[in-house]
Amino acid sequence: MNESDLDKLYKPHLQTLMGRAERSLAASHFDALVIHAGSPPTLFLDDQDYPFKVNPQFKTWVPIVDNPRCILVFAPGARLKVLFHQPNDYWHKAARLPQAPWTAEVDLIAMDDPSKASAHWAGLGRTAYIGPDGFAAGTDPACINPPELLSRLHFDRAVKTAYELECMRRASELGARGHRAALAAFRRGGSEYEAHMRYLEACAQREEEMPYNNIVAYNENSAVLHYQHLERTAPPSLRSFLIDAGAQYRGYASDITRTYAAFPGRFADLVQAMDSAQQALCGEIVAGRDYREVHLSAHRRLGEVMHEIGLTKIPGQTALELGVTSVFFPHGIGHLLGLQVHDVGGVMGDAQGHERQRPEGHPYLRLTRMLEPGVVVTVEPGIYLIDSLLAAAHADSRRAHIDWAVVEELKPFGGVRIEDNVVATASEPENMTRDAFARAA
């Protein structure tokens, strides 16, 4: 699909959003909606700002992701109004008014003074305001980020439009390109920092444009789930490489993880077994499936992998029941994905915000919903050698079910995680990540 075809999907996308918003406003007893794009906070005791991250409720309507202080005004039955901030500022270059095809579907208005913006929604009736603290000063607090309205908007966001799905496919393609460049740097013996920089270069995106901070981990660092450092020099011995990194396209994210072994052996066998288990789990992402069951299935499947590789002495179901799988797989199998990496609404059971409980003993699962066509999730099983979790298991009855010699053999490799972005459909799931890697080959 080319850019022109993608642009044609924007109008029906906008119509879907308008329909959702109109229903949510009526149910929440509001007449209009004003959404602020946000503005970057200033560093403490400094005059510099943090990098700007746009309000996701703003960018769901329009692909403006890099210009703070814009405002969106929606009233049922009227054209969407976008107040585009263009300050009279000689310190910074003011953003140009967008000219892309999507602008034909909205009223795009240049705005140099946000303090005068309220004239654009005066007289619209009871108006809800969504945005950061302070942007709607003097307004009835009940109208600022009203929980009932936000719950409805968040719940609806899980099901993606055709436009959103295509943006996410393109984000996956960028991510696959970056992953291949980072792997090449690892194979050349480059450092974590070099692999990270080659990733950014291949994606043609700055760090602040990434949907989250890249996790680029060698050897034991792979056991840290959200490893946040980048070693400037490569270790003397390269054993393993875990990279968890995505990209953005028109504000939509990809979230991809791959793990590689530097040489054959038990860890390489573990990576291969994990890849097979992960692909089987991706096949479970079907409409009508309870994602909590996918999570428990992951524990059973990974329990079998642990047993086959020699880490544990009991089969998968037993390992799950005795809490042994959680020693090595302590996080959830995945989460919603879209405008945010951990997209909102993951544990919502309905549009009113009632939660669907996580399975007992699994507090870190971010998604408990029933899957529907158009819902995009991550599937990211992992097995790690984490000192604190191993020490806890060694101190209780789980000790007898673990082969500690194999633990010591694998600890220098850190861990393995493989993550794809998968769309639930009415038939076979669509694996955006595997498709993107195939196209990038």
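Predicted model: local features only at pLDDT ≥ 70, side-chain atom pairs only at ≥ 80, totals over all residues.

1. Start with helix α7 (residues 266-282) and helix α8 (residues 291-309), whose axes come within 10 Å and cross at roughly 155 degrees. Angles over 145 degrees count as roughly antiparallel, so that is how α7 and α8 lie to each other. The crossing of α7 past α8 is right-handed.

2. Which residues make the contact? On the α7 side they are R266, D269, L270, A273, M274, A277, A280 and L281. From α8 come V294, S297, A298, R301, L302, V305 and I309. Sorted by class, this contact between α7 and α8 has 11 nonpolar residues, one polar and three charged.

3. Next, have a look at the largest pocket, with a volume of about 1500 Å³. It is lined by 45 residues, and F52, V65, D66, N67 and P68 are the closest to its centre. Among the elements, α3 (56-59), β3 (81-85) and β8 (248-249) each give at least two residues to this lining. The lining of the largest pocket comprises 23 nonpolar, eight polar and 14 charged residues.

4. The second largest pocket has a volume of about 750 Å³. Of its 29 lining residues, Y212, I215, L225, H226 and H342 are the closest to the centre. How does the lining of the second largest pocket divide by class? There are 10 nonpolar, 11 polar and eight charged residues in that lining.

Terms used
Residues numbered from 1 in each chain as written. Heavy atoms only, no water. Axes fitted to C-alpha atoms, helices over the stretch in contact; angles between N-to-C directions. Helix = DSSP H or I, 4+ residues; strand = E, 2+ residues; numbered from the N terminus. Parallel < 35°, antiparallel > 145°, perpendicular 65-115°, else oblique. Left-handed = near helix turned anticlockwise from the far one by under 90°. Contact = heavy atoms within 4.5 Å. Nonpolar A, V, L, I, M, F, W, Y, C, P; charged D, E, K, R; others polar. 1 Å grid on protein atoms, 1.4 Å probe; cavity = no way out; pocket = protein on both sides within 12 Å on 5 of 7 lines; lining within 4 Å. Points joined across faces, edges and corners; volume = space filled by probe spheres on them.
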